[in-house]
Amino acid sequence: MTAWADHGPLPAVVGRAVEHEQVTGLLGGPGPVTLTGPAGVGKSLLARAVLQEHPAAHPGSVVRIACWDGLTADELTGALRRTAGLLPAGTVEELARHCRAHRMIVLLDDCDPLLNACAALVRRLLRTEPALRIMATARRPLGLPGERTVALAPLPVALGEGIAGPAVELLAARTGPAAPEPLVAVCRALEGCPLAIELAARQLDRMTLAQLAARLDADGPLHFSGPSPTTRHTSLHAAHAAGYALCSPLDRRVWARLSVLPGDFDPWLAQCVCASSDVSAAAVGDALERLRTASVLVCVRDAEGAPGSGTALPPRYRLPRGARDFGRLRLREAGDEAGALRRFRQGCAALAAEAQITWQGTGQQLAVRLVEDEQHHLDAALTRPPLDAEDALDALDIAVSLWFQWAACGFRREGRAHLDRLLPLAQEDTALRARALWLAGYLAAQENAPAAAEPLLARAWQAAVMHADADGLARIAHAHAVLALHREDTTTAVACLEEAARHSSRDPWFGPGPAHSWALLALALAPLDASRARTAARRAWESRHADSDFWLHSTILYARALIERAHGDPAAALRACRKALVAKKLIGDPLFIVGARTMLAGLRRGVRTAAPVRPTGGEPRWWRRADPDPDDRPFFSRPRTGP
């Protein structure tokens, strides 16, 4: 009888050639070799493939025990002796000498429930016979001196642009010929987990591949199951339940609460979600590391820089979908889901507020990066249905704090959609609602939608008067100037902008302040009065809140380009336009960038031909939206470009 008589023939091992070669090489050296990885990643399968193909392998040469098969710590040595052909009663030293004499390879499969006992047994075996070859599989290392660990990750879905990865190869081997798009969609939804792919492929006898892909694309738990030699591998739920049972009560609570986080996260956000009366904030960090060691969490970025240096980056973790689905069920069963969701949205409101302060303070690129890092969470916090009116206010607070993402970085339509959905849920007359009304009107004005903008700005004006909000009245004047510029009413635009620019802002963190009103005034005056336009541009820069305000800087440079173009210096206009484009690219806004590129092309032609460059009546303004961009997707639905 072989060591895997109860498992049937060895299935094809896909996508593990590198790990196979690595483990085979390690078996020839001293010390135990441990394969680690999350549930369902294929640790036991790879160990079997390596040992059955190992040069020293022959019938009876592999002594294997499965630690999850009801063994206790006291029975471990006896079970291994029995498998090696010895009587259960006897010493570990005798077992070690027997295995060494018969050139046997010891495999402790699925060590997790008996991890400490397995580590103690391996230590005693190697103390007697240091050259004995021992392999183990577990979700965490044994923690022994000289242990060589090979960590298995889920299979890659793609190896590059248009190149299918091993995960797709595995699914295709189970489905037969199929179109690549649904294969990739299924594997991406399953995050390359081999067990999940195998279980999903078994559903194809009752649904098509396209139906399977559509079902997996939905945000819900994976309930697929199928026959398996081991009970815990009959479903992803069973696989994670086995690991969950081995966690401490505190780690279980942290695991369950982390399930409300849809993307990767840092310890601070984990503390926001997990800390409560039964879990201290200080305990969450240690729990994260224990869950990572147990292959429940994936570390997507290690900590970078020295703590307290000002440039240090915390580690970031991710809870894979299968573990997240399992944790969400446990959270719901414990009656803790509403509390975790509320803490999640409050944490996201704090993140959005930090991004807003960073935008107006230490650096706009840092603010953009923060929003990119947390885009999955901010999207979920904005779109998940609020639990009650207080929760709806937290969601509205997030949308308002992210005003710069909508207004300055070019995602106006997405911002309007969030505000249109959330404003009806927050009917109480608060300062936050007044800001939300202004922001919705301002974004509509930027989109040249006066029918939507004017009623919103009128309601925002009433709220600003009621709250004695002079800053709000100045922002409303700025928004009306944008509407006037769209309808080519320069007189009204100039009057509104002069009113807004002369206001002394008491809240520099929210919305375009006086400096931006001066910059827009320079744009409005550029074709008409070069002297006044230059003065407005200079006042804009003198009124800046921070030197790193690229939004303001790009607008001022664009205004200078318009001034020089309109008044006879195309070379200076060309230089200013180039600088405006560089500054704006640092923070985004496709509409501005297209307008600047259009003017840049005209200026280049004028400089080459030495002809005077004058704006034509039919030339579109930079703030006007042309035909829709074919890739005009909301920011939060776009693929991330970095870790």
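Visitor: Is the crossing of H12 and H15 left-handed or right-handed?

Guide: A crossing is right-handed if the near helix is turned clockwise from the far one by less than a right angle, and left-handed if anticlockwise. Here, H12 and H15 cross in the right-handed sense. The model is predicted: local features need pLDDT of at least 70 and side-chain atom pairs 80 or more, while totals for chains, interfaces and linings use all residues. Residues are numbered from 1 along each chain as its sequence is written, and side-chain values use heavy atoms, without hydrogens and water.

Visitor: At what angle do H12 and H15 pack?

Guide: Helices are DSSP runs (H or I, at least four residues), as strands are (E, at least two), numbered from the N terminus. Angles run from 0 to 180 degrees between N-to-C directions, with axes fitted to C-alpha atoms over the stretch in contact. For H12 and H15 (residues 337-360) the angle is about 140°, and the axes are 7 Å apart. That makes H12 oblique to H15 (under 35 degrees is roughly parallel, over 145 roughly antiparallel, 65 to 115 roughly perpendicular, the rest oblique).

Visitor: Which residues make the contact?

Guide: With contact meaning heavy atoms within 4.5 Å, H12 contributes Trp268, Leu269, Cys272 and Val273. From H15 come Ala340, Arg343, Phe344, Gly347, Ala350 and Leu351.

Visitor: How many aromatic pairs are in the whole structure?

Guide: A pair of aromatic rings is described by the distance of the centres and the angle of the planes. Rings of Phe, Tyr and Trp (its six-membered ring) pair with centres within 6.5 Å; planes under 30 degrees apart are stacked, over 60 edge-to-face, the rest tilted. The search finds 11 pairs. In one of them, Phe265 and Tyr317 have ring centres 6.2 Å apart and planes at 35°, so the pair is tilted. Phe265 lies in the loop between H11 (249-258) and H12 (267-274), and Tyr317, 52 residues away, in strand S9 (residues 316-318).

Visitor: Is Phe265 buried or exposed?

Guide: Buried is under 20% relative accessible area, exposed over 50%, partly exposed in between (1.4 Å probe, protein chains only). Phe265 is buried at 0%, and Tyr317 is buried at 3%.

Visitor: What about the rings of Trp438 and Phe510?

Guide: Their centres are 5.5 Å apart and their planes at 70°, so the pair of Trp438 and Phe510 is edge-to-face. Trp438 is in helix H21 (residues 431-446), while Phe510 is in the loop between H24 (490-501) and H25 (514-525), 72 residues apart. Both Trp438 and Phe510 are buried. Ring pairs also join them in a cluster with Trp359, Trp403, Phe404, Tyr442 and Trp551.
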